[in-house]
Amino acid sequence: MTSPHTRDDSAPSSTRSPHTRGRVAVVTGGASGMGLSICRQFAATGHTVAVLDLDGEAALRVADELVADGATACGYDVDVADRPVVDDALGKVRAAFGSIDILVTSAGVVAFDTFTDISEDSWNKVLAVNLTGTFNCVQAAIPDMVEQRWGRIVTISSSSAQRGSPRMIHYTASKGGVIAMTKGLAREYAPFGITVNNIPPSAIDTPMSRSSQAAGHYADNDTLSKSVPIGRMGTGEDIAAACCFLCSDAAGFITGQVLGVNGGTVI
Ligand SMILES: NC(=O)c1ccc[n+]([C@@H]2O[C@H](COP(=O)([O-])OP(=O)(O)OC[C@H]3O[C@@H](n4cnc5c(N)ncnc54)[C@H](O)[C@@H]3O)[C@@H](O)[C@H]2O)c1
C-alpha cells in the first residue's frame with residue numbers, strides 16, 4: 001500500500017464528497033513562496049491538496065507537512081512546461097483523490113535582462129514556464145471541471161504586466177499573456193460553472209523576491225516597503241487569503257477579474 005503523501009499514490013477516490021470534506025485543489029509551484037502559503041491555506045480549510053513543483057523533493061516535504069497537520073495531500077515532481085509530465089501528474093491526482101475541482105497556477109520563473117540582451121533561450125524559457133506552463137495545466141485540468149459543472153481556477157501573473165517593467169520584457173510579456181488567457185477562459189467557461197480569475201502580486205516577500213534582491217535586481221525590503229502605500233511587503237498569506245476566497249463558493253459570481261493584492265501599489 002502506498003502512502004497518501006507520495007507521488008506514487010494510487011488510492012481510490014470513491015470516498016470523497018467535495019461539499020462536505022473539501023475539494024481537490026492542485027497548486028503548481030506549491031513548494032515555495034506564495035504557492036506554499038496557498039497549499040497551507042487550502043489544507044487548513046479542509047481541501048485535499050496536490051502540490052506540484054519542479055522541485056519534487058520540496059513538493060513531497062510540503063505534502064508531508066500538510067499530512068502531519070491532518071490534511072490529505074500529495075507531492076508531485078512536475079515541470080509545468082512539459083505537457084506529458086503535467087498530464088501524467090494530474091492522472092495520478094485523479095487516481096488518488098478523484099476529479100480536480102480547483103487549480104492555482106503559481107509556478108513561475110523571473111528573469112532580468114535589458115531588452116536587446118534577451119536571448120532566444122531566455123525568452124523561450126520564461127514563456128515556456130510562465131505562459132505555456134499555465135496553458136498546459138489549465139487545459140489538462142479543466143475537463144474535470146466541465147464534467148462536474150463546477151470549478152475554480154486562479155492564475156498568478158504580476159503587477160509588472162499591469163505597469164510595465166524595464167529589463168523584464170520577457171517576464172512581463174509572459175504575465176500579460178496569463179492575464180489575457182485568464183479573461184478569455186473566464187468567458188469561455190462561465191457557462192460551465194467555472195470561474196477563472198487572476199492575481200497579479202507585487203512586492204511579496206518570497207524566496208523569488210529574496211533571490212532577486214540578492215542578485216541586485218530588486219531593492220531591499222525596507223526600501224520596497226516605502227514604495228507600498230500600505231507600508232509593508234506583502235506575504236504569501238496575503239496572496240493565499242485572496243486566492244482561497246476566489247476559490248470558494250462565495251466567489252461564484254466573480255470571474256475574469258484581475259485582483260490586485262499589492263498594498264495599493266497598483267490601483
Ligand atoms: N514574489 C513576488 O514579489 C512576485 C511578484 C509578482 C509575481 N510573482 C509571481 O508569483 C508566482 C509565485 O512566485 P513566488 O514569489 O512564490 O516564487 P518562488 O520562487 O518562491 O516559488 C515559485 C515556485 O515555482 C516552482 N517552479 C519554477 N519553475 C517551475 C516549473 N517549470 N514547473 C513547476 N514548478 C516550477 C519553483 O520550484 C518554486 O517552488 C510566480 O509565478 C511569480 O512570477 C511573484
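**Reading a predicted fold, feature by feature**

Author: Welcome! In the protein chain, residues 24 or more positions apart account for 73% of the contacts with a separation of 6 or more. Please keep in mind that this is a predicted model.

Reader: Happy to start there. How many helices and strands does the protein chain have?

Author: There are 10 helices and six strands in the protein chain.

Reader: And how do I read the overall dimensions? What radius of gyration does the protein chain have?

Author: The idea is to set the value beside that of a compact globule. For 267 residues such a globule would have a radius of gyration near 18 Å, and the protein chain has 18 Å, so the two agree. Along the principal axes, the C-alpha trace spans about 50 × 40 × 35 Å.

Reader: What share of the residues is buried, and what part of the accessible surface belongs to carbon and sulfur atoms?

Author: Buried residues make up 50% of the 267. The accessible surface comes to about 11800 Å², with 55% of that belonging to carbon and sulfur atoms.

Reader: Let's zoom in on one residue. Where is T155, and is T155 buried or exposed?

Author: T155 sits in strand β5, which covers residues 151-156. A residue counts as buried when its relative accessible area is under 20%. T155 has a relative accessible area of 1%, so T155 is buried.

Reader: Which side chains make polar contacts with the side chain of T155?

Author: One partner is the side chain of T182, at 2.6 Å. Another is the side chain of N198, at 2.8 Å. Leaving aside neighbours within four places in sequence, T155 is in contact with T105, T134, V178, T182, N197, N198 and I199.

Reader: Now the rings, please. How many aromatic pairs are there?

Author: The count comes to two aromatic pairs. In one, F112 and Y218 are 5.6 Å apart centre to centre, with 85° between the planes, an edge-to-face arrangement. This pair links distant parts of the chain, 106 residues apart: F112 is in the loop between β4 (102-105) and α5 (120-148), and Y218 is in the loop between α8 (207-214) and α9 (221-226). F112 is buried at 13% relative accessible area, while Y218 is partly exposed at 34%.

Reader: Why is the pair of Y189 and F192 called tilted?

Author: The angle between planes decides: under 30 degrees counts as stacked, over 60 as edge-to-face, and the rest as tilted. The planes of Y189 and F192 lie at 45°, so this pair is tilted, with ring centres 5.8 Å apart. Y189 is buried, with a relative accessible area of 16%, and F192 is partly exposed at 26%.

Reader: Which residue lies over the face of W150?

Author: That is R23, at 3.6 Å from the ring centre of W150.

Methods
Residues are numbered from 1 along each chain as its sequence is written. This is a predicted model: local features need pLDDT of at least 70, side-chain atom pairs count only at pLDDT 80 or more; totals for chains, interfaces and linings use all residues. Side-chain values use heavy atoms; hydrogens and water are left out. Helices (H or I, at least four residues) and strands (E, at least two) are DSSP runs, numbered from the N terminus. Buried means under 20% relative accessible area, exposed over 50%, partly exposed in between (1.4 Å probe, protein chains only). A polar contact is a pair of N or O atoms within 3.5 Å; within protein, one must be able to donate a hydrogen and the other to accept it, and residues adjacent in sequence count only if both atoms are side-chain atoms. Contact means heavy atoms within 4.5 Å. Rings of Phe, Tyr and Trp (its six-membered ring) pair if their centres lie within 6.5 Å; planes under 30 degrees apart count as stacked, over 60 as edge-to-face and the rest as tilted. A charge sits over a ring if NZ of Lys or CZ of Arg is within 6 Å of the ring centre and within 35 degrees of the ring normal. The radius of gyration is taken over C-alpha atoms; the globule rule is 2.2 Å times the number of residues to the power 0.38. Accessible areas come from the Shrake-Rupley method with a 1.4 Å probe; for residues, only the protein chains shown count as cover.
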